[in-house]
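Subject: Handover of the structure

Hello,

I am passing this structure on to you. Please have it open while you read the notes that follow.

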Number of protein chains: 2
Amino acid sequence: MEAKELKAAVLDAKKFISEKSKEISQAVGDGLAINALSGGVDSSAVTMLGHKALGGRLKTYFINNGLMRHNEPQQIVELFGKLGVRVEILDAQDKFFRALKGITDPEEKREAVTQTFYKDVFGKLVRESQAKYLLQGTILTDVDETVAGIKRQHNVFAQLGIDPQKAFGYQIIEPLVQLRKDGVRKIAEALGLPQSVYQRIPFPGPALAARVIGEVTPEKIKLVRQATQIAEELLSTSGAFQYMAILHQDRVTGMREGKREFGLQIEIRCWDSIDARNATPTRLSFDILDAMAKRITDEVPGVVSVTYNITSKPPSTMEVV
Amino acid sequence: MEAKELKAAVLDAKKFISEKSKEISQAVGDGLAINALSGGVDSSAVTMLGHKALGGRLKTYFINNGLMRHNEPQQIVELFGKLGVRVEILDAQDKFFRALKGITDPEEKREAVTQTFYKDVFGKLVRESQAKYLLQGTILTDVDETVAGIKRQHNVFAQLGIDPQKAFGYQIIEPLVQLRKDGVRKIAEALGLPQSVYQRIPFPGPALAARVIGEVTPEKIKLVRQATQIAEELLSTSGAFQYMAILHQDRVTGMREGKREFGLQIEIRCWDSIDARNATPTRLSFDILDAMAKRITDEVPGVVSVTYNITSKPPSTMEVV
């Protein structure tokens, strides 16, 4: 079944929410549903939609894969707690790092995160919970890019001809699949989520694993997490669509205290975009770029070089992995 | 013997040229001297100084190591021909690429270029020419950085306690070793070299091999040569001290005609500096940065991403290798 696009400009948020709530209620019936909340606008909107439709029959989990940003698990649980939604944190850090060990290919990396998430961690949760339904925040851009072979998003099984019932033992409900990012933001706002969520910048499914070129290790995640925190602090008022720090695998020559240091490089990307299909680098001031490079090379151990992406999408993609 | 710094501001160019000419004449006597001209301001100044001092007793060679920029050998021979200096081109491309094969470490890469240049290619030339003296354009910044262990420049043997007479069979004369880049530019101008030479941006000894992260191959040199040509076209009027294109080894995700392409990344660096000891990224306009990224991703095969360096030296160095 092809998803028919609903453009944000003509989207009636109240009507959409009421229709989707009804659809979810009818699909799940008396059963139990489950969903994983990452804190992004897509999964946050789905969580609120699901709770509206199912109340206590929806169990919401935050999977701590060890790949999230600084303090992210705690912040998200707290935020949803204030909205009356109980979110349980599941610590699965070791499993994800074990699955990522030795993998350098970007597609295999995304695949390792996907398989660990669905088969190992979340699949187990679902079986234990007796839930037969999985609510998921797939949006139309994810489907487009996966079908086109640009990127393997971790939530587009049906579109690839994979039956999640057979492969993973449950049915996936994707209430946002007709929307792009701008549409989801409208829905999230109408669902009563705070601005920090509905205007939150996108963050990828494989989380910080998508921000490391080459093998993902706990040590590299720690470095890219620090750089990400600095980038987000400096760019939160930029008005950009998305921004990120990427840890490169290539080593570059630098100098510390007059001595040669064969060090690390961080790439910063900051995107202007409406719907993530096309994007251009934000024209940041050199005062900000300079402050960013100084803070990252001062604060992140081993980093001697910082670059800023100046390529548009296409031919670049927004994420590097 | 320590080289005593001569500051550009107080440098009397005419006096310097006359003194150094005399020193070179006295050192070489009736013998033959030889030098290699790369076309940079340092080796160009040494070539003119040497010809002033020795006339036909200085043989000047341009070693085509296969690592030079687009059309560079031809342009340099032509330019010096107009100044009455005969320069012979020696094709040694295969030797350099063979020496670089399989090497990924930056220091080993510089060492391979150095050893091939001195022992293999230039050493042979010197032995055949019966010259006992080598004129060389080492400047004070090269010495500082090599002694400090920041970078192995390919012309600072004495400072490292290596005897070139024993190691390579000839004596090295370094008339510019008390100067920094700004001083050399003054001398080059006073020697009658054209502005395109005395204001020419620095270019490293290992040439484009210093602009490739990882193994250097003829294919990678071809790509970085194309990117360099584009960068130099767009930045020649920037007033910057130096600018360069660097081919990374890391692969990044991009898209072409709606399909995923796991492609290459080029990093652009453009430096404001007085004497190369400290440097800051030039605050280029985003119109130029955007045009650069477009041209490089359109014209250089396989490149899907371009970044701009935003780190100062230190902790960065100017070159990446």
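How many salt bridges are there between chain A and chain B? The count is four, where a salt bridge is a side-chain nitrogen of Lys or Arg within 4 Å of a carboxyl oxygen of Asp or Glu.

Some conventions come before the rest. This is a predicted model, in which local features need pLDDT of at least 70 and side-chain atom pairs count only at pLDDT 80 or more, while totals for chains, interfaces and linings use all residues. Residues are numbered from 1 along each chain as its sequence is written, chains are lettered from A and ligands numbered from 1 in the order in which they are written, and side-chain values use heavy atoms, with hydrogens and water left out. Helices (H or I, at least four residues) and strands (E, at least two) are DSSP runs, numbered from the N terminus.

The two chains together

In the contact between the chains, 50 residues of chain A meet 50 residues of chain B; contact means heavy atoms within 4.5 Å. The area buried between them is about 4200 Å², and carbon and sulfur atoms give 56% of it. Buried area here is the accessible area (1.4 Å probe) that two parts lose on being put together, summed over both. Of the area that chain A buries against chain B, A:M255, A:F286 and A:I310 supply 19%, more than any other three residues.

Side chains of opposite charge can pair when their charged atoms come close. A:R283 and B:D287 form a salt bridge through their side chains, at 2.8 Å from N to O. Over all chains, a search of the whole structure finds 40 salt bridges. One of them joins the side chains of A:E72 and A:R200, with 2.8 Å from N to O. This pair links distant parts of the chain, 128 residues apart: A:E72 lies in helix α3 of chain A, and A:R200 lies in the loop between α9 (195-198) and α10 (218-235) of chain A.

Chain A

Chain A has an open sheet of five strands in the order β3-β2-β1-β4-β5, with parallel pairing. Two strands pair if DSSP finds at least two bridges between them. At the edges are β3 (87-91) and β5 (171-173) of chain A, each of which pairs on one side only. From one strand to the next, the twist averages 30 degrees. Axes are lines fitted to C-alpha atoms, for helices over the stretch in contact, and angles run from 0 to 180 degrees between N-to-C directions.

Five bridges connect strand β2 (residues 58-64) of chain A with β3(A), in the parallel sense. In this pairing A:F62 stands opposite A:I89 of β3(A). Helix α3 (residues 72-82) of chain A packs on the sheet and touches β2 and β3 of chain A. The direction of helix α3 makes about 165 degrees with that of β3(A).

Some backbone details of chain A follow. The peptide bond between A:K313 and A:P314 is cis, with omega about -20 degrees, and A:P314 is in the segment after β10 (303-309) of chain A. A cis peptide bond also joins A:P314 and A:P315, with omega about 10 degrees. A:E257, a residue other than glycine, has a positive phi, near 45 degrees. A:E257 is in the loop between β7 (252-256) and β8 (259-272) of chain A.

Chain B

The open sheet of chain B has five strands in the order β3-β2-β1-β4-β5, and the pairing is parallel. Its edge strands are β3 (87-91) and β5 (171-173) of chain B. Strands β1 (residues 33-36) and β4 (residues 133-135) of chain B run parallel and are joined by three bridges. B:A33 has B:Y133 of β4(B) as its bridge partner.

Helix α1 (residues 13-28) and helix α8 (residues 181-190) of chain B pack at an angle of about 80 degrees, with axes 9 Å apart. The two helices are therefore roughly perpendicular to each other, a term used for angles of 65 to 115 degrees. B:A13, B:F16 and B:I17 of α1(B) make the contact with B:K186, B:I187 and B:A190 of α8(B).

Regards

Key: Angles under 35 degrees count as roughly parallel, over 145 as roughly antiparallel, 65 to 115 as roughly perpendicular and the rest as oblique.
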